[in-house]
Amino acid sequence: MEHKINAYNNLLELVGNTPLIKLNKIADNLEGNFYAKVEGFNPGHSSKDRIALYIIEEAERRGILKKGSTIIETTSGNTGFSIAMISIIKGYECILAVSSKSSKDKIDMLRSMGAKVYVCPAHVSADDPRSYYEVAKRLHEETEGSIYINQYFNDLNAEAHYKSTGPEIWNQTNGHITHLVACSGTGGTISGTAKYLKEQNPNIRVIGVDAYGSVLKKYHETGELDTKEIYPYRIEGLGKNLIPTATNFKVIDEFIKVTDEESAHTAREISRTEGLFVGYTSGAVMQAVRQLEEMGEFNENSNVVVIFPDHGSRYMSKIYSDQWMSDQGFFDSKNVEEPQKIEFVK
Ligand code: PMP
């Protein structure tokens, strides 16, 4: 006899429906009310679970994916982890073509999740047959019944957020949201969420967060892809050196740029003040909020929703390592917290 057990059938039932959490201490000196959509609560610890599941299930609906088929993507980041996790549960092969710049930790993590990883040379042009783009394309062509997620150029990316993140935020705020502040990488999160929210209320202000060294803000303002804007930066997942078709620039009112250093300190501050252990780009989004406050964007009636894209555990050897912070020179300024000393008991 089967007993009634309150259990999920598998992890995938937990994708999405993440909590909206009021920000308290970190928002103390800001005018208005601030709420974080905390995407680290997804089973794969980031917002990318939503798009990976949506794109894979759309391919199933269209009859492209069959049991044992292969899913291919070019990422060592959150999307790779989500695809690998979903592939395990649904019984697909997962191939990830990653850059040789990817840390060993990340490659080990993806391999632990059953992915087959191709490490491709970082310092070749995108059209070189050895680049991770070209390797992924070739594997896709060679592997019958495979799909290539291609998150920067796939319309289903923003559609996933239009169908989930947008309605969730609208319902969680009972329609009282006045501002959405979110990072833009592929642009899927902000574009899909903002499109839904603006259809409910066109007055909601949507602000995208971009990195110094990325082309997005200037492109939004001028329509020009200015390659002079491009230089290396530390934050991963934010900004881009090309224009992703997944970004709908029309639903974004403004972009604001943040620095590597301030974003890193702000992420650490969110962990310390709210007890929310978040990733680097969550620091970026909160840093953007502080800059917007100084620009007079908010008042006491503002209900601002920020999206925290992933969990802090992915950044132990980066922003949560005092050594790494120090190597970047991020403790050099007078105005930053001193790293806490470790007490060794003898
Ligand atoms: N933060 C992190 C940590 C990410 O991995 C990404 C995805 N590149 C983003 C923010 C931005 O999300 P999107 O790609 O939907 O713009």
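Which residues does Phe308 touch, not counting residues up to four places away in sequence? I looked this up in a predicted model, where local features need pLDDT of at least 70, side-chain atom pairs count only at pLDDT 80 or more, and totals for chains, interfaces and linings use all residues. Residues are numbered from 1 along each chain as its sequence is written, and side-chain values use heavy atoms, with hydrogens and water left out.

**Entry 1: Phe308 and the cores**

I found that Phe308 touches Leu23, Ala36, Lys37, Val38, Glu39, Gly40, Ile270, Leu276, Val278, Ser282, Val285 and Met286. Contact here means heavy atoms within 4.5 Å.

I then looked up the largest nonpolar core, which has 40 residues. Such a core is a set of buried Ala, Val, Leu, Ile, Met, Phe, Trp, Tyr and Cys residues joined through side-chain atoms within 4.5 Å. Phe308 is among those with the most contacts inside it, alongside Leu23, Val181, Val209, Val306 and Ile319. Elements giving two or more residues to this core include strand E7 (179–183), helix H10 (280–294) and strand E10 (303–308). H10 gives the most, with 7 residues. Helices (H or I, at least four residues) and strands (E, at least two) are DSSP runs, numbered from the N terminus. I noted another core apart from this one, of 29 residues, among them Leu12, Ile51, Ile56 and Phe81.

I checked Arg268 in helix H9. Is Arg268 buried or exposed? Arg268 counts as buried, at 8% relative accessibility. Buried means under 20% relative accessible area, exposed over 50%, partly exposed in between (1.4 Å probe, protein chains only). A polar atom of the Arg268 side chain lies 2.7 Å from the backbone oxygen of Ile319.

Next I turned to Arg50, in helix H1 (residues 48–61). Arg50 is also buried, with a relative accessible area of 4%. Its side chain makes a polar contact of 3.4 Å with that of Thr165. A polar contact is a pair of N or O atoms within 3.5 Å; within protein, one must be able to donate a hydrogen and the other to accept it, and residues adjacent in sequence count only if both atoms are side-chain atoms.

**Entry 2: the ligand**

I listed the residues around the ligand: there are 15, and Gly185 and Thr186 are among the closest. For Thr186, a side-chain N or O atom lies 2.6 Å from an oxygen atom of the ligand. Lys48 has a polar side-chain atom 2.9 Å from a ligand oxygen.

Methods
Near = heavy atom within 4 Å.
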